[in-house]
Amino acid sequence: MGNDQAFAELGLPNDASESEIKAAWRRLASRWHPDRNASAQAVARMQRINQAFEAIQRARQGGDGAAEPAAAPEPPPPAEPARPAHPPIHRKLKLTLEEAAAGCIKALRGKFTPTCSHCEGLGHRVLGSRCRRCRGSGTFVRPSAWFGWPGQPEACEDCAATGIAREHCKPCEGRGTLAEQDYEVQVRIPPGVREGDLLHVAARRAPADLEVQVGVAPHPLFTLQDDGSVHCKLPVDGFAWMANRAVTVPTLDGVQTLALQRDRQRYELPGMGFPLRHRGPRGPQLVEIEPVFPEKSSTDQDILLDQLIASHASADPRLAEWQRTLRARARKRSRG
Ligand SMILES: [Zn+2]
Ligand SMILES: [Zn+2]
């Protein structure tokens, strides 16, 4: 590469200073280094940048190419963190409706393969200086068996054809990952999570952040509506219903006493449903009762029912009045 061409490659005028040359190299290397640039031309471009830098150094030293040129300077650290320490661990978590309503703490255990922090998962570390084997060109020519007959240039394995020296990462033995380890994380579930909700759990004791997808199991008694109301249908003793007695009703919090009214089959328990949003106020629980009577009453029950009817018929003025009306009509007809 000629001197003019070399300066052009680095985007510099021919009278650029030493510091300008190094700054230009750093800028271009940070853009084109194959570890940071996945495009197809990155390797070739990085080689040209290195060759240009070395050609200028050679010319400045008045060398003829035989002198060892200055090593390319260290590439700059990337402007932003190259990658998060570890990608988040994705987990699914099945909750009961009660757990989802009230919130809970769940232990999540699993296995985790950490990314090697020494090489950020690359399996090697980039040293920044020129690769010795290929002298920074990214390719080298294996000596031919035929004296004086050059072999085919091959991509340099030591530097993955980048021309920049790299060293094998010893802690991970070049794999980029470290030995698998167990983890256990206590996940705090806020009240009011719904099926499909994603919870981000910051890594404090975990090896990486967790992305937890919540599932809520169907409940045997309750169905949850979008408005936060929880519906349930339950049988009650028909006689207890007739007698306005109290019955025990299941709720998300346990059980509650409900005073039945014999003219009602639907009841609302305010604040006993599901949170409308995370940590928000709770909707109502809607209870629909189904009064259950014996299909065929027993003799004892019939006696008791007859007593009940007799005592009521004479005591209730509305029924006594009706009986009088009926008797008056009967008298008219017999006279008629
Ligand atoms: Zn490593
Ligand atoms: Zn090399």
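Lysine 94 has glycine 215 in β9 as its bridge partner. In this predicted model, that pair belongs to the contact between β1 and strand β9 (residues 210–216), which run parallel and are joined by 7 bridges. Another residue of the pairing is lysine 92, which stands opposite glutamine 213 in β9.

Taken together, the 3 strands form an open sheet in the order β1-β9-β8, with mixed pairing. Its edge strands are β1 (89–95) and β8 (198–201), each pairing on one side only. On average, neighbouring strands of the sheet are turned by 30° against each other, direction ignored. In a regular strand, side chains alternate between the two faces of the sheet.

The helices come next. Helix α2 (residues 18–32) packs with helix α3 (residues 42–60) at an angle of about 170°, and their axes are 10 Å apart. An angle over 145 degrees counts as roughly antiparallel, and α2 and α3 are therefore roughly antiparallel to each other. From α2, the residues in the contact are Ile21, Trp25, Leu28, Ala29 and Trp32. They meet Ala42, Arg45, Met46, Ile49, Phe53 and Ile56 in α3. By class, the contact of α2 with α3 divides into 10 nonpolar residues, no polar ones and 1 charged. An α-helix has 3.6 residues a turn, so residues three or four places apart point the same way.

Helix α6 (residues 299–315) has 17 residues, which at 1.5 Å a residue should span 24 Å. The end C-alpha atoms of α6 are 24 Å apart, which agrees with that expectation. Is this helix buried or in the open? Of the 17 residues of α6, the number buried is 0, so the helix lies largely in the open.

Two loop residues have positive phi values. Glutamate 120, in the loop between β2 (104–112) and β3 (124–130), has phi near 55°, a positive value in a residue other than glycine. Glutamate 120 has 16 other C-beta atoms within 10 Å and is partly exposed. Alanine 161 is found in the loop between β5 (153–155) and β6 (164–168). Its phi is positive, about 65°, although alanine 161 is not a glycine. Because a residue with 20 or more other C-beta atoms within 10 Å is buried, alanine 161, with 21 C-beta neighbours inside 10 Å, counts as buried.

Definitions and conventions
Residues are numbered from 1 along each chain as its sequence is written. Chains are lettered from A and ligands numbered from 1 in the order in which they are written. This is a predicted model: local features need pLDDT of at least 70, side-chain atom pairs count only at pLDDT 80 or more; totals for chains, interfaces and linings use all residues. Two strands pair if DSSP finds at least two bridges between them. Helices (H or I, at least four residues) and strands (E, at least two) are DSSP runs, numbered from the N terminus. Axes are lines fitted to C-alpha atoms, for helices over the stretch in contact, and angles run from 0 to 180 degrees between N-to-C directions. Angles under 35 degrees count as roughly parallel, over 145 as roughly antiparallel, 65 to 115 as roughly perpendicular and the rest as oblique. Two residues are in contact if their C-beta atoms, placed from the backbone, lie within 7 Å. Ala, Val, Leu, Ile, Met, Phe, Trp, Tyr, Cys and Pro count as nonpolar, Asp, Glu, Lys and Arg as charged, and the others, Gly among them, as polar. The expected span of a helix is 1.5 Å times one less than its number of residues. A residue is buried if 20 or more other C-beta atoms lie within 10 Å of its own, exposed if 12 or fewer, and partly exposed in between; C-beta atoms are placed from the backbone.
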